[in-house]
Amino acid sequence: MFDDLNDLYQQVIIDHSKSPRNFRRLEAATRTAQGHNPLCGDNIALYLEMDGDVIKDIGFQGSGCAISKASASLLTEAVKGRSKAEVKQMFERVHDLLTKGQTSGGDLGKLEVFAGVHKFPARVKCAMLAWHATLAALDGQDQPVSTE
Amino acid sequence: MIAETAQLKSKVSAPAWDAVRADFPALHQTVNGHPLIYFDNAATSQKPLPVIEALDRYYRQDNANVHRGIHELSNRATTGYEGARERVANFIHAAGSQEVIFTRGTTESINLVANTWGVANLKPGDRILLTEMEHHSNLVPWQLVAAKTGAKLVYLPVTGDEGLLNLRQLDAVLTPGVKLFAFTHISNTLGTVNPVAELVERARKVGAVTLVDAAQSAGHLPVDVRALGCDFLAFSGHKICGPTGTGVLWGRQELLDAMPPWQGGGDMISSVDFFESHWNTLPHKFEAGTPHIAGAIGLAAAMDYLDAVGRDRIWRHDQELGAYAYESMARLKGIRLFGPKVGRAGLVSFLLDDVHAHDVVTVADQFGVALRGGHHCNQPLMRKLGVASTARASFYFYNTRAEVDRFVEVLREIQRFFGV
Ligand SMILES: Cc1ncc(COP(=O)(O)O)c(C=O)c1O
């Protein structure tokens, strides 16, 4: 019975939740977004520094469960240096991975550790939170950047 | 025929708790390979056979609309529905069944008062006193009515993790400008039991009307609206062994009589003209449209069941289990417990160091233990406690010490799993 649990909480996830990468506010952020999970009250703030269409740097802050924190942390590693279009594609594929346990079109690299989430439907939202925030930040390009 | 007096299936007079458990089919299953331990009773309770059977019987034999038909089935449905109202009146010691309004739940009951009594009586500058431990359903309706009327919200503070109302500050906030004092009987997050009668008496001295949120108390201890002295009392059927979608607003007749109706439609009128209508008498004035007839009948069966077990016994059992759980959990390392150390209701909110509430609940579920994790519809309180969420175990009379022991073992497993 622990197979499901161990699939969900892979060592990589535990590790990233305990010491999240890029866990900082970017002073040079050109876009930011807030992610909020009303189910649990968790919040994350996401900071992007864009170079044209490409994410030059990224950081996040906030509180959350192991899944949402690890997801945000691994996201920051996965999207750095990627274009907006690439990130949108990743978003779709991560969503497939989280809801179906697999995704078409090749390996998602380290993000594959989230495949176990699909057996826990209530937790899909947690893993998607940072991805939604990233899209919101990318789409909010006409909005003035608030550093607050 | 309908609304027969429910008997404990097991026909025990002094409750043999094992026999009581046997009446709840949903308790007897395995979840993720483990016997279910259902500790999410503050969210909703499980249903005993007499309630399930009352719903079944109604739909099989008696289903018809109420108050409008002349035929036999309609008579039965009306008798069942109005009989249920009598049962509720008797359950809370109301002066009469005309003071009992059926609603969809606590939330709708409070919204009804806010939108009728509130809109009719609150003026700019008036104060609405709430406490910091209110559920969103006893908070947001008042924010809405404050925005509509210009009244102002004021809060009685809670004392940190111990979660008691800070009664020393009551005088400071319960000023003559307070027109309404709305507060919960038992906190769904902290397990605090508030001194209702005392608060009501203090409110009456400044002329404030009182509303008690009895969502967490009505099915757990004897509730007597006349002894409490309040003006309104709201609760949900689904938390007290009844069907979902049922609830009660009790109000003092003088107040209900003076209040305008809320929703308009069938059943709530005595006569309708093209340009104006005359309202029906209580309680129908507040029940527009076809009500949840089966639900009310099921709720009456739930009340019969609870009284057959005995609400005083249920309360003793809840409190003993709450205290036992609190003491057992307090022996764990790396746990933060919320709510009063003594005198708590049958629930415990907690956090394990370095493990988020969601992760606790997910892993507990793999052991068959149903908990709740989140803000429990108490976001302002959570903020005050400086946490985003907590995990919560909440008990009812069918839960056992053995289940609590197993639950505490599972908490240890969770700590091991996350390496804390
Ligand atoms: C104290 C309290 N008040 C109000 C409610 C709302 O009840 P309902 O959702 O049944 O309307 C709840 C239950 O969630 C509660 O615990």
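A salt bridge here is a side-chain nitrogen of Lys or Arg within 4 Å of a carboxyl oxygen of Asp or Glu. Keep that cut-off at hand for the tour. The model is predicted.

**Stop 1: a salt bridge in chain A**

Select A:Glu77 and A:Lys110. Their side chains form a salt bridge, with N and O 3.2 Å apart. That value falls within the 4 Å cut-off, so the pair counts. Now colour by secondary structure. A:Glu77 sits in helix α3 (residues 66–79) of chain A. A:Lys110 is in the loop between α4 (84–100) and α5 (124–139) of chain A. The two are 33 residues apart, and the pair links distant parts of the chain. Over all chains, the count is 32 salt bridges.

**Stop 2: where chain B meets chain A**

Show both chains. The contact involves 22 residues of chain A and 16 residues of chain B. About 1500 Å² is buried between them, with carbon and sulfur atoms giving 61% of that area. On the chain B side, pick B:His358, B:Gln366 and B:Phe417. These three lose the most area to chain A, together 35% of what that side buries.

How many salt bridges cross the interface of chain B and chain A? The rule finds 1. To see a salt bridge between B:Asp359 and A:Arg123, select both residues; the closest N and O atoms are 2.9 Å apart. Then select helix α12 (residues 357–366) of chain B. With 5 residues, this helix gives the most to the side of chain B that touches chain A. By residue type, that side has 10 polar, 5 nonpolar and 1 charged.

**Stop 3: two domains of chain B**

Colour residues 54–307 of chain B as domain 1 and 310–418 as domain 2. Their C-alpha centres lie 28 Å apart. In contact are 33 residues of domain 1 and 31 residues of domain 2. The two domains bury about 2600 Å² between them, 55% of it on carbon and sulfur atoms.

Between the two domains the count is 3 salt bridges. Helix α10 (residues 293–309) gives the most to the domain 1 side, with 3 residues. That side divides into 17 nonpolar, 10 polar and 6 charged residues.

**Stop 4: the ligand**

Select the ligand and its surroundings. There are 13 residues around the ligand, and the closest are B:Thr107, B:Asp213, B:Gln216, B:Ser236 and B:Lys239.

- B:Asp213: a polar side-chain atom lies 2.5 Å from a ligand nitrogen.
- B:His238: an N or O atom of the side chain is 2.7 Å from a ligand oxygen.
- B:Lys239: a polar side-chain atom lies 2.7 Å from a ligand oxygen.

**Stop 5: backbone exceptions**

Most residues other than glycine have a negative phi, and most peptide bonds are trans. Two places in chain B deserve a look. Zoom to B:Leu282 and B:Pro283. The peptide bond between them is cis, with omega near -5°. B:Pro283 is in the loop between β12 (277–279) and α10 of chain B. Finish at B:His93. Its phi is positive, about 60°, although this residue is not a glycine. B:His93 lies in the loop between α3 (72–91) and β4 (100–103) of chain B.

Technical notes
Residues are numbered from 1 along each chain as its sequence is written. Chains are lettered from A and ligands numbered from 1 in the order in which they are written. This is a predicted model: local features need pLDDT of at least 70, side-chain atom pairs count only at pLDDT 80 or more; totals for chains, interfaces and linings use all residues. Side-chain values use heavy atoms; hydrogens and water are left out. Domain bounds come from an automatic or database domain assignment. Contact means heavy atoms within 4.5 Å. Buried area is the accessible area (1.4 Å probe) that two parts lose on being put together, summed over both. Helices (H or I, at least four residues) and strands (E, at least two) are DSSP runs, numbered from the N terminus. Ala, Val, Leu, Ile, Met, Phe, Trp, Tyr, Cys and Pro count as nonpolar, Asp, Glu, Lys and Arg as charged, and the others, Gly among them, as polar. A residue is near a molecule or strand if one of its heavy atoms lies within 4 Å of it. A polar contact is a pair of N or O atoms within 3.5 Å; within protein, one must be able to donate a hydrogen and the other to accept it, and residues adjacent in sequence count only if both atoms are side-chain atoms.
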